[in-house]
Amino acid sequence: MAKIAGEGGVPQAAPDRRAMMKNLLKTAVVGVTVAAATFALAQPALANSFSRNVGDGTVAYDDGGDRFCAAAFNTEGARWVRVKLVPISRPGPSPEITDRNNYYGHSGNTCTTALATAYEDTRYRADITSYWGERGTTVTHSPTYFYS
């Protein structure tokens, strides 16, 4: 092993290349592992799109377009679907939309883009009620939770 002059002229052993390479390799492996864990555990954006059948129609949220829609089915008489959007995690718009079917002279669905002004990843609750004339009753459905 080669000797080199250290502090005060005292000879010291030259660093072993194998030990240096081994330490460098360990450091690289730890660095790559930490980077991989960071990417794997990073929380993705919470926003989501969904569609839900509520018996008398459907409700749907398109995250990319910030559109929330309600659609009453056009079968067997009068039907409507009403949705009230309530921000949970922070202040934001809280629109209410109602879609009525062809029986009322309205075809298609009713949408709102009011959530385009909400803070990103705001948690919302959709309170949904619907009506079907054949049944003659209004139904309150379980709420749907989502992120804008």
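The model is predicted: local features need pLDDT of at least 70, side-chain atom pairs count only at pLDDT 80 or more, and totals for chains, interfaces and linings use all residues. Residues are numbered from 1 along each chain as its sequence is written, and side-chain values use heavy atoms, with hydrogens and water left out.

**Sheet**
- Four strands form an open sheet in the order 3-4-5-8, with antiparallel pairing; strands are DSSP runs of E of at least two residues, numbered from the N terminus, and two strands pair if DSSP finds at least two bridges between them.
- Strand 3 (50–53) and strand 8 (110–112) are the edge strands, each pairing on one side only.
- Strand 5 (residues 67–72) pairs with strand 8 in the antiparallel sense over 3 bridges.

**Disulfide**
- The whole structure holds 1 disulfide, defined as a pair of cysteine sulfur atoms within 2.5 Å.
- C69 and C111 form this link, with their sulfur atoms 2.0 Å apart.
- C69 lies in strand 5 and C111 in strand 8, so the pair ties together parts 42 residues apart in sequence.
- The link of C69 and C111 is right-handed, with 105 degrees about the S-S bond.
- C69 is buried at 13% relative accessible area, while C111 is partly exposed at 26%; buried means under 20%, exposed over 50% and partly exposed in between, using a 1.4 Å probe and protein chains only.

**Loop residue N101**
- N101 is in the loop between strand 7 (96–100) and strand 8.
- N101 is buried, at 2% relative accessibility.
- Not counting residues up to four places away in sequence, N101 touches A72, F73, N74, T75, G77, A78, R79 and H106, where contact means heavy atoms within 4.5 Å.
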